[in-house]
Amino acid sequence: MSALKLKKGASSHSAYDLRDPHGNVIERHTLAAIVDNEAGVLARVIGLFSGRGYNIESLTVAEIDHTGHRSRITVVTTGTPQVIEQIKAQLGRIVPVHEVHDLTVEGPAVQRELALFKVAGQGDKRVEALRLADIFRANVVDSTLESFVFEITGTSEKIDAFADLMRPLGLIEMARTGVAALSRGA
């Protein structure tokens with residue numbers, strides 16, 4: 001404790017950021033890799049994570065250039081700053097990987113996730129589920145006398161909050177796409 005009573009590492013927003021830059025702070029990063037769209041590339045990228053014990057929180061893959069046969073792999077992962085740097089360096093060394101971007105540090109980025117929720121309920125619970133879906137701007141994509149299927153798009157935190165509210169109302173099943181992200185601006 002210093003004379004100013006500043007706790008070491010109290011805030012990263014303080015002018016007196018005293019955190020050890022090489023400490024064991026676990027950070028969440030969104031990485032985007034442009035790769036050749038060919039068999040085995042995804043397995044090699046995933047093998048890099050699993051072989052070294054790195055965690056993948058979210059993974060999305062889709063072809064982005066049909067004529068150039070390129071795909072975009074978006075991975076959300078956690079680790080210390082050193083681990084994140086190591087992941088980026090190792091991803092860049094895989095032969096079919098053309099670019100690796102850390103959207104978390106390269107500037108503002110837009111991140112969205114799509115989820116489907118099946119909620120069963122009758123009476124007041126059914127009405128409450130519809131009311132909450134309206135507040136969260138979720139769309140009803142299927143309806144029966146016993147259940148609804150809601151479609152919701154937003155940040156992972158929004159999807160988590162919606163799931164937490166739907167559980168007591170009869171959440172039966174959920175499917176999530178994973179994070180899709182792009183940097184903002186030119």
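Two residues are in contact when heavy atoms of theirs lie within 4.5 Å of each other. In this predicted model, residues 24 or more positions apart account for 70% of the protein's contacts with a separation of 6 or more.

**The whole chain**

Begin with the whole protein in a cartoon view. Its 4 helices and 8 strands follow one another along the sequence in the pattern β-α-β-β-α-β-β-α-β-β-α-β. Of the 186 residues in the protein, 32% are buried. If a surface is displayed, its accessible area comes to about 11,300 Å², and carbon and sulfur atoms contribute 53% of that area.

**The sheet β2-β3-β1-β4**

Select next the strands β1 to β4. They form an open sheet of 4 strands with antiparallel pairing, in the order β2-β3-β1-β4. The edges are taken by β2 (56–65) and β4 (97–102); each has a single partner strand, so one side of each is left without a neighbour in the sheet. From one strand to the next, the twist averages 20°.

Of the 10 residues of β1, 7 are buried, so the strand is largely enclosed by the rest of the structure. Its pairing can be followed on both flanks:

- With β3, strand β1 pairs in the antiparallel sense over 10 bridges; Thr-30 stands opposite Val-76 in β3.

Move on to the strands β5 to β8. Here, too, there is an open sheet of 4 strands with antiparallel pairing, and its order is β6-β7-β5-β8. The edge strands are β6 (139–143) and β8 (171–183), each of which pairs on one side only. The twist in this sheet averages 15° from one strand to the next.

Within the sheet, select β5 and β7. These strands run antiparallel and are joined by 8 bridges. One place to look is Lys-118, which stands opposite Val-149 in β7.

Helix α4 lies across β5, β7 and β8, and runs at about 155° to β7.

**The nonpolar cores**

Which residues have the most contacts inside the largest nonpolar core? Show the side chains of Phe-117, Phe-150, Ile-152, Phe-162 and Met-166: these are the ones, in a core of 16 residues. The elements that give two or more residues to this core are β5 (109–120), α3 (124–135), β7 and α4. Helix α4 gives the most, with 4 residues. Apart from this core lies another, of 14 residues; Ala-33, Val-41, Tyr-54 and Ile-94 are among them.

Finally, select the rings. The structure holds 5 aromatic pairs. What is the geometry of the pair Phe-150 and Phe-162? Their ring centres are 6.1 Å apart and their planes stand at 90°; planes over 60 degrees apart count as edge-to-face, so this pair is edge-to-face. Phe-150 lies in strand β7 (residues 147–154) and Phe-162 in helix α4 (residues 156–166), so the pair ties together parts that are 12 residues apart in sequence. Is each of these residues buried or exposed? Phe-150 is buried, and Phe-162 is buried as well.

The tour may end at Phe-162 itself. Leaving aside residues up to four places away in sequence, Phe-162 touches Phe-117, Leu-132, Ala-133, Phe-136, Ala-138, Phe-150 and Ile-152.

How values were computed
Residues numbered from 1 in each chain as written. Predicted model: local features only at pLDDT ≥ 70, side-chain atom pairs only at ≥ 80, totals over all residues. Heavy atoms only, no water. Phe/Tyr/Trp six-rings, centres within 6.5 Å; stacked < 30°, edge-to-face > 60°. Buried < 20%, exposed > 50% of the residue type's maximum accessible area, 1.4 Å probe, protein only. Pairing = 2+ DSSP bridges. Axes fitted to C-alpha atoms, helices over the stretch in contact; angles between N-to-C directions. Areas by Shrake-Rupley, 256 points an atom, 1.4 Å probe, with all protein chains shown as cover. Core = buried A, V, L, I, M, F, W, Y, C linked by side-chain atoms within 4.5 Å.
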